[in-house]
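Dear colleague,

Please find below the structure that I am handing over to you.

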Amino acid sequence: MRLVSLRFAPALFLLASLSPAADQRPLTVDDFFALKSVGSPVLSPDGAQVAYTVRSMDLKKDKSDADIYLIPTAGGDAVRLTTSEKAETNPRFSPDGKWIAFLSSRDGDKSQVFLLSRGGGEASRLTDLKGGVSSFAWSPDSKRLVLVASDPDPDEPAADEKKADEATAKPIVTRRIQFKRDYEGYLKELRSHLYVFDVEKKTSVQITSGPYDDEQPAWAPDGRTIAFVSNRSAEPDTNRDSNIFLIAPIAGETPKAITTNPSEDERPSWSPDGKTIVYLEGGAVKDMWYGPNHVSTVNVATGAVTALTASLDRNVSSPLFTSDGRAVLFTIEDGGNSHLGRVP
């Protein structure tokens, strides 16, 4: 296999330029808190603008904040789109280019989807799911969103009860084999599922369920199918057997597994003609997390899998089809650096 790779170094920090030698001084804590990180860049459908986030830190308040900015691709000044004290993240242009949706908990403790006109104005909240929304994706016709939302916690106290509850916190009860997870804490029987949200009607319908976590949804180009990732083995807490599933965006449908690799299959992305899905296929189960993954494709009609980078002894990520569907772009991890790869 022949791979063409291009090394790149994304600019993640806005750093002050070096002063003349006479003005140099040791770094202070205030200097570090003055750094701002840039992330989550997304290109508008017409290619004219980029939406991105800028995260800043406040030493006195002991917290960070993230806001969404918009900048022309031809160059020019950036425009700050959000100003609340809660973080706004994950900006996504609607395919018709009229809207920018994003996540924020500005109206409460749980993240919800907000909608902002590309022409400006105030953002309005779209969703109101009790468990909160962790991610979402636009449908190709810009009329719907697929949401990843958690089951609501029946034991969670109401907002006015939380402060009083802190003094007499209840014991944590868990019945799961995997009882704790980084960044999440102790795990209950709460799971993440997929919902389809009608933007105009502001109504949602749940399309997946069960004792599984469903994530990473991706719409087919015709909007009739959603691919997603889930571990639906008998005991998901004991293995890493996640697979790619397909489901219609309506209630009552049964998901269909399209991959069967016993390791992780994740990050599905559709070909422009909707006939193929490219994804990341995990390494050998016996190697645990140390076996490198690789880029594979699966034929949607037949389930036939083709491994594209199995001979590459490096981890890969973010596979996407080129616009003509004849090649796949992805990134290669090597010695702490990232490179851009391309494979037919």
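Two strands are said to pair if DSSP finds at least two bridges between them. In this predicted model, strand β18 (residues 226-230) meets that criterion with strand β19 (residues 243-247), the two running antiparallel and joined over 5 bridges. Within this pair, Ile-226 stands opposite Ile-247 of β19.

Both strands belong to an open sheet of 4 strands, ordered β17-β18-β19-β20 and paired in the antiparallel sense. Its edges are formed by β17 (214-219) and β20 (256-257), each of which pairs on one side only.

Turning to the nonpolar cores, the largest contains 15 residues. Val-113, Leu-126, Phe-136, Trp-138, Leu-145 and Leu-147 have the most contacts inside it. Two or more residues of this core come from each of β8 (99-104), β9 (112-117), β11 (133-138), β12 (144-150) and β15 (192-198). Apart from this core lies another, of 12 residues, which include Ala-218, Ala-220, Leu-246 and Ile-277.

When neighbours within four places in sequence are left aside, Phe-136 is in contact with Asn-90, Arg-92, Ala-101, Phe-102, Leu-103, Val-113, Leu-145, Val-146 and Leu-147.

Finally, there is Thr-331, located in strand β26 (residues 328-334). Thr-331 has a relative accessible area of 18% and therefore counts as buried, the limit being under 20%. Its side chain makes a polar contact with the side chain of Ser-317, at 2.5 Å.

With kind regards

Notes
Residues numbered from 1 in each chain as written. Predicted model: local features only at pLDDT ≥ 70, side-chain atom pairs only at ≥ 80, totals over all residues. Heavy atoms only, no water. Core = buried A, V, L, I, M, F, W, Y, C linked by side-chain atoms within 4.5 Å. Buried < 20%, exposed > 50% of the residue type's maximum accessible area, 1.4 Å probe, protein only. Contact = heavy atoms within 4.5 Å. Polar contact = N/O pair within 3.5 Å; in protein donor to acceptor, adjacent residues only side chain to side chain.
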